[in-house]
Amino acid sequence: MNSSTLIAIERTAWWLHIIGILAFMNYLPYSKHLHIILAFPNAYYANLEPMGEMENMADIQREVLMAMEPESAAAAAPLPEGQEPAAPAPFGAKDIFDLNWKNLMDAYSCTECGRCTAACPASSTGKALSPRLIMMKTRDRVEEVGKNIQKNKAFEPDGKSLLYDYITVEELNACTTCNACVQECPVSISPLDIILQMRRFLVMEESKAPAEWNSMFQNIENNFAPWQFSPDDRDKWMAEA
Ligand code: SF4
Ligand code: SF4
């Protein structure tokens with residue numbers, strides 16, 4: 001080809017490329033590809049605490065210590081100065097309004113790569129749970145609420161919630177809290193944080209724990225251990241046969 005043809009091809013390809021990129025940049029915030037941008041702040045705000053450490057609930061800790069070890073309750077879970085004990089806030093999360101901003105940013109940062117689900121022991125043993133789907137369902141619910149707000153200027157209750165309408169009790173109860181999904185995620189997402197908050201709502205607000213968990217809770221309350229043995233019998237294993 002002669003030089004002028006080559007220059008024409010090069011200019012055409014250059015402009016097509018630039019226009020394509022600019023068009024995609026405008027489409028990006030409305031598409032699932034938003035994760036390309038959100039991956040950076042999401043990784044920046046990742047939880048750097050040890051992975052197995054679950055967020056404590058100071059109200060509950062104070063109540064339990066008042067019953068079991070009143071002398072250490074004030075030191076372990078102090079009330080803010082001058083504040084009287086108040087009715088605790090609702091526990092856990094039922095809908096996206098109860099989740100924190102990081103949980104919602106997690107949902108929009110998910111690349112849907114599926115590494116979390118591939119590593120999830122619940123998923124690989126045929127349970128209903130997929131941590132990838134937990135993130136996608138959370139994002140779907142945020143989208144639905146967003147459209148509701150756009151249409152009505154403020155959120156109009158739609159009789160739906162993330163728990164039950166999107167994420168089922170069976171999915172939540174299948175989680176072993178092993179943290180494999182958190183470990184595997186390339187953009188520092190924690191599907192487990194959402195699962196734990198929703199499970200807290202189920203157990204503490206709706207008393208909907210599986211029967212075998214309830215007997216464990218009772219044992220912890222009465223025997224300070226998950227088993228049905230009196231704490232006074234703990235040292236019996238040392239006795240001579
Ligand atoms: S923490 Fe729960 S959801 Fe995550 S990998 Fe383990 S079992 Fe699966
Ligand atoms: S590993 Fe992370 S980015 Fe990939 S699907 Fe799971 S939550 Fe989404």
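α8 and α12 are roughly perpendicular to each other, because angles from 65 to 115 degrees are given that name, whereas those under 35 count as roughly parallel, those over 145 as roughly antiparallel and the rest as oblique. The two helices pack at an angle of about 75 degrees, with their axes 9 Å apart. Axes here are lines fitted to C-alpha atoms, for helices over the stretch in contact, and angles run from 0 to 180 degrees between N-to-C directions. On the α8 side the contact is made by P131, I134, M135 and T138, and on the α12 side by P191, I194 and I195. Two residues are in contact if their C-beta atoms, placed from the backbone, lie within 7 Å. By class, the contact of α8 with α12 has six nonpolar residues, one polar and no charged. In this classification Ala, Val, Leu, Ile, Met, Phe, Trp, Tyr, Cys and Pro count as nonpolar, Asp, Glu, Lys and Arg as charged, and the others, Gly among them, as polar.

The model is predicted: local features need pLDDT of at least 70, side-chain atom pairs count only at pLDDT 80 or more, and totals for chains, interfaces and linings use all residues. Residues are numbered from 1 along each chain as its sequence is written, while chains are lettered from A and ligands numbered from 1 in the order in which they are written.

Helix α8 (residues 131–152) also packs against helix α5 (residues 101–109), here at an angle of about 105 degrees and with the axes 8 Å apart. That makes α5 roughly perpendicular to α8. From α5 the contact takes L104, D106, A107 and Y108, and from α8 it takes M135, T138, R139 and V142. Five of the residues in the contact of α5 with α8 are nonpolar, one is polar and two are charged.

The chain as a whole has 13 helices and zero strands. Helices (H or I, at least four residues) and strands (E, at least two) are DSSP runs, numbered from the N terminus. The radius of gyration of the chain is 25 Å, well over the 18 Å that the globule rule gives for 241 residues, so the chain is more spread out than a compact globule. This radius is taken over C-alpha atoms, and the globule rule is 2.2 Å times the number of residues to the power 0.38. Along the principal axes, the C-alpha atoms fill a box of roughly 100 × 50 × 35 Å. Of the 241 residues, 20% count as buried; a residue is buried if 20 or more other C-beta atoms lie within 10 Å of its own, exposed if 12 or fewer, and partly exposed in between, with C-beta atoms placed from the backbone. Among contacts between residues at least 6 apart in sequence, 68% join residues at least 24 apart.

Ligand 1 is surrounded by 16 residues, and the closest are C120, C175, C178, A180 and C181. A residue is near a molecule if its C-beta atom, placed from the backbone, lies within 6 Å of it. At least two residues of this shell come from each of α7 (121–124), α11 (180–184) and α12 (191–205), and α12 gives the largest share, three residues. The shell around ligand 1 has 13 nonpolar, three polar and no charged residues.

Around ligand 2 there are 15 residues, the closest being C110, C113, C116, R132 and C185. Two or more residues of the shell come from each of α6 (115–119) and α8, with the largest share, three residues, from α8. The shell around ligand 2 divides into nine nonpolar, two polar and four charged residues.

C120 is buried, with 26 other C-beta atoms within 10 Å. Beyond its neighbours within four places in sequence, C120 is in contact with L129, S130, P131, A180 and C181. S123 lies in helix α7 and counts as buried, with 22 C-beta neighbours inside 10 Å.

Two other loop residues have positive phi without being glycine. For E112, in the loop between α5 and α6, phi is about 60 degrees; E112 is exposed, with 12 other C-beta atoms within 10 Å. For T177, in the loop between α10 (169–174) and α11, phi is near 55 degrees; T177 counts as exposed, with 11 C-beta neighbours inside 10 Å.
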